[in-house]
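Work through each task before reading its solution.

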Amino acid sequence: MKLIDLQEKVVTKNNIHFHIIPTKKFKTVNFVMKCKAPLDRSTITKRALLPFILQKGTTSYPSEKELMNRLDELYGASLYIEGAKKGNNHIISFRLEVANENYLPTETPILQQAISLFQEIIFSPRIENSRFIETVVEREKQTLENKIKAIFDNKLVYANNRLIEEMCNNERFQIHKDGYIEDLPKINGQNLFEYYQQLLKEDRMDLYVLGDFDIKNMENLLIDSFSRESEQPELTNTVNETPTITELKEVKETQPVQQAKLHIGYRTNCTYKDDDYFALQVFNGIFGGFPSSKLFVNVREKHSLAYYAASRIESHKGLLIVYSGIAPEDEKKAREIIDLQLEAMKKGDFTEEQVNSTKELIISELKETLDSSYGIPELLYQQVIGEKEVPPHQYMERINKVTKEDVVKIANKITPDTVFLLTNDGSEKVETSSV
């Protein structure tokens, strides 16, 4: 599939945005429903809990076993529901992948049956007396609590969360996507179902369907099957708070760890909707996004100061995160070398060859994403979150146009905000932590 050949027909009907993406690349049909709402501390734990509940049964298939059996009957269809944070938004994603009936020796209308099941999973979950089943809710509350507690044992994720907490204090982005343990006792089957009814009316809904099918027929099937009442206009993306940075914030936390985590947060002053976003992508690739990057080569390989050293950008929030695992005694030296790499980027201390090879790596990753039935809807959904249309072929063209001067310019817009160090207290006996 050539990038230029990727089609996306968008139809808005019944208060839902339908994204129809025909391709002969896959022998399955993939459905992805995205439900988006602004991050909100008062609702986040309920949103984090819902994916666990909604996979446990529907009106017609009132137990997890019956629902799984129904998926098996549809030639081993797979269902996945998860929550994620993108910028100042929380998104619940429903995914259903089903075999394409065009490639099956059957006259059973698999596609129609799959659409009906998908609609029921979203809009008709199993309830009793207008509430989710209490035993299911209590069990899944424990599952979510275990998931939240497990973050503490994954020190890389833990350190990243703590950095964001400190860096984005009083900003929506501070809110944890998995919710908060202290909220769980207040959640029951009734108030959780009431919130879900609110979600179904107020969230922005985007339904992606990807596969080998007739576009008009698919459009009609979706419009006939999916409809909702919306009580209010869709909420657009929340304003991206951009606090004024007056001084570098430094936070140190001690735990019995062998490997210290040095995470540094920067403000890029650039998000997906900005014209220099593509230069930021190339900057990150040279700085810390790939194994050939300055952070990896200089901090890890040349000076042997880190078990790993890399960077990533939060595209819809305007953050650059540097993360590294170091020996506790090497913190000062590691910070110095990381700072030197950013200064080198600002001064243009990198070659045209590095710019070109990085652009090739970014485009290669894009092509890899477009080879995946999972990746295509995720890539296209970035346009919804970013409120800017950049089709894949245009994205590739914009990356190719980035110059060294563009990279230097964006580098000079980046400012350090917060340093978070997770280290030990200097005692001799320490436990080995997970990376």
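**Exercise 1.** Determine the handedness with which helix 2 passes helix 3, and describe how the two pack.

*Solution.* The model is predicted.
- Step 1: The crossing of helix 2 past helix 3 is left-handed.
- Step 2: Helix 2 covers residues 64-73 and helix 3 covers residues 110-123; they pack at an angle of about 155°, and their axes are 11 Å apart.
- Step 3: Angles over 145 degrees count as roughly antiparallel, so helix 2 is roughly antiparallel to helix 3.
- Step 4: From helix 2, Leu67, Arg70 and Leu71 meet Gln113, Leu117 and Ile121 of helix 3.
- Step 5: Sorted by class, the residues of this contact are four nonpolar, one polar and one charged.

**Exercise 2.** Classify the relative direction of helix 9 and helix 10, then state which residues make the contact.

*Solution.* 
- Step 1: The axes of helix 9 (residues 294-302) and helix 10 (residues 331-347) come within 10 Å, crossing at roughly 150°.
- Step 2: Helix 9 and helix 10 are therefore roughly antiparallel to each other.
- Step 3: Their crossing is right-handed.
- Step 4: Helix 9 contributes Lys294, Leu295, Asn298 and Val299 to the contact, and helix 10 contributes Ile337, Ile338, Gln341, Ala344 and Met345.
- Step 5: The contact of helix 9 with helix 10 comprises six nonpolar, two polar and one charged residues.

**Exercise 3.** Repeat the analysis for helix 11 and helix 13, starting from the crossing of their axes.

*Solution.* 
- Step 1: The axes of helix 11 and helix 13 cross at roughly 170° and come within 10 Å.
- Step 2: The two helices are therefore roughly antiparallel to each other.
- Step 3: On the helix 11 side the contact is made by Lys359, Ile362, Ile363, Leu366 and Lys367; on the helix 13 side it is made by Pro392, Tyr395, Met396, Ile399 and Asn400.
- Step 4: Seven nonpolar, one polar and two charged residues make up the contact of helix 11 with helix 13.

**Exercise 4.** Describe the largest pocket: which elements each supply at least two residues of its lining, and how does the lining divide by class?

*Solution.* 
- Step 1: The largest pocket holds about 1,400 Å³ of space.
- Step 2: Its lining has 49 residues, and Lys86, Ile313, Glu314, Ser315 and Gln382 lie nearest the centre.
- Step 3: The strands that each supply at least two lining residues are strand 4 (78-86), strand 5 (89-99) and strand 9 (306-314).
- Step 4: The helices that do so are helix 5 (155-167), helix 8 (277-289), helix 11 (352-369), helix 12 (375-386) and helix 13 (392-401).
- Step 5: Helix 12 provides the largest share of the lining, six residues.
- Step 6: The classes in the lining are 19 nonpolar, 19 polar and eleven charged residues.

**Exercise 5.** How many cavities of 30 Å³ or more does a search of the whole structure find, and which residues line the largest cavity?

*Solution.* 
- Step 1: The search of the whole structure finds one cavity of 30 Å³ or more.
- Step 2: The volume of the largest cavity is about 70 Å³.
- Step 3: Its lining consists of Ile53, Lys56, Gly57, Pro62, Pro125, Arg126, Phe132, Ile133 and Val136.
- Step 4: Six of the lining residues are nonpolar, one is polar and two are charged.

How values were computed: Residues numbered from 1 in each chain as written. Predicted model: local features only at pLDDT ≥ 70, side-chain atom pairs only at ≥ 80, totals over all residues. Heavy atoms only, no water. 1 Å grid on protein atoms, 1.4 Å probe; cavity = no way out; pocket = protein on both sides within 12 Å on 5 of 7 lines; lining within 4 Å. Points joined across faces, edges and corners; volume = space filled by probe spheres on them. Nonpolar A, V, L, I, M, F, W, Y, C, P; charged D, E, K, R; others polar. Axes fitted to C-alpha atoms, helices over the stretch in contact; angles between N-to-C directions. Helix = DSSP H or I, 4+ residues; strand = E, 2+ residues; numbered from the N terminus. Parallel < 35°, antiparallel > 145°, perpendicular 65-115°, else oblique. Left-handed = near helix turned anticlockwise from the far one by under 90°. Contact = heavy atoms within 4.5 Å.
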